[in-house]
Amino acid sequence: MDKIKPLIDAAGASGVNIMCLQEAWTMPFAFCTREKRWCEFAEPVDGESTQFLQELAQKYNMVIVSPILERDINHGETIWNTAVVIGNNGNIIGIHRKNHIPRVGDFNESTYYMEGNTGHPVFETAYGKIGVNICYGRHHPLNWLAFGLNGAEIVFNPSATVGELSEPMWPIEARNAAIANSYFVGSINRVGTEVFPNPFTSGDGKPQHADFGHFYGSSHFSAPDASCTPSLSRYRDGLIISDMDLNLCRQIKDKWAFRMTARYEMYASLLSEYLKPDFKPQVIVDPLINKKA
């Protein structure tokens with residue numbers, strides 16, 4: 001909290017309307033360790049970190065998106081990876097839980113929480129309609145699509161991702177999503193290398209290690225017209241502020257007519273068939289492929 005408050009104060013002094021923090025901002029990204037003691041960071045939606053941010057949201061008339069490790073008290077203290085959306089009056093507008101959970105490399109997150117159950121909510125705030133696509137969800141185009149279908153104008157992607165695994169994709173996926181869905185995207189990543197007390201393995205046959213890799217930061221914004229901002233540093237925490245003309249969302253929809261030409265009914269039919277146990281891919285085989293000359 002001491003670390004994040006000066007950044008929020010700076011945002012407030014700059015007149016920021018909506019601010020999004022990084023994934024699981026209240027803790028180290030310790031899910032690589034598979035150690036259950038990190039569950040101690042989990043808190044209710046209206047817990048200490050939310051109360052801290054509610055005061056700042058009200059002070060600066062700012063909407064704040066706060067990704068936390070949630071402990072669902074009403075449902076057996078189940079743990080979720082959750083974004084709490086706090087309104088500019090200090091109220092809790094709602095929550096979204098991470099839809100897609102990685103099972104790759106050191107991302108052992110399903111040791112702690114499973115896929116979310118909140119769908120693809122879009123929160124209508126005083127400053128625009130926003131969605132939150134948490135971290136690994138950015139690798140799933142249908143996840144981005146669903147927020148767009150629900151009317152999002154800005155989708156934030158709070159993340160904690162490391163260089164060796166995902167950095168080549170980082171500047172591409174969000175920009176593609178902004179173009180394909182005619183909305184703005186805010187890509188937020190943590191910065192630095194976190195070293196843990198006990199070494200752990202990754203199930204890849206390599207020696208045990210005590211760090212997850214370098215979180216490469218590089219936070220940036222993408223727009224529906226394919227433009228994007230410069231990125232923040234790979235090595236230092238920072239605050240990036242961007243002006244967004246939300247009229248651009250409609251203007252790009254009118255220009256490209258992606259919604260009108262999308263043929264959703266065709267893909268809905270394919271997906272419906274794909275989910276059936278007896279699904280057969282639509283493959284047309286060349287009848288001469290196995291015939292001898």
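E109 and K98 are both buried, where buried means under 20% relative accessible area, exposed over 50% and partly exposed in between, with a 1.4 Å probe and protein chains only. Their side chains meet in a salt bridge of 2.7 Å, N to O; a salt bridge is a side-chain nitrogen of Lys or Arg within 4 Å of a carboxyl oxygen of Asp or Glu. This is a predicted model, in which local features need pLDDT of at least 70 and side-chain atom pairs count only at pLDDT 80 or more, while totals for chains, interfaces and linings use all residues. Residues are numbered from 1 along each chain as its sequence is written, and side-chain values use heavy atoms, leaving out hydrogens and water.

**Salt bridges**
- The structure holds 14 salt bridges.
- E109 and K98 belong to a network of salt bridges that also includes E23.
- D72 pairs with R97, and their closest N and O atoms are 3.4 Å apart.
- D72 sits in strand β2 (residues 63-72) and R97 in strand β4 (residues 92-97), so this pair ties together parts that are 25 residues apart in sequence; strands (E, at least two residues) and helices (H or I, at least four) are DSSP runs, numbered from the N terminus.
- Both D72 and R97 are buried.
- R103 forms a salt bridge with E115, with the closest N and O atoms 3.0 Å apart.
- E115 has a relative accessible area of 32%, so it counts as partly exposed.

**Helix α5**
- Helix α5 (residues 170-181) has twelve residues and should span 16 Å at 1.5 Å a residue; its end C-alpha atoms are 18 Å apart, which agrees. The expected span is 1.5 Å times one less than the number of residues.
- Its buried residues are W170, E173, A174, A177, A178 and N181.
- Seen down the axis of α5, these buried residues fall within an arc of 130°, so they line one face of the helix. The arc is that of the directions from the helix axis to the C-beta atoms.

**Two buried glycines**
- G47 lies in the loop between β1 (18-20) and α2 (48-60), and its relative accessibility is 8%, so it counts as buried.
- G128 is in strand β6 (residues 128-132), and it is buried because its relative accessible area is 10%.
- The C-alpha atoms of G128 and I154 are separated by 7.5 Å, although these residues are 26 apart along the chain.
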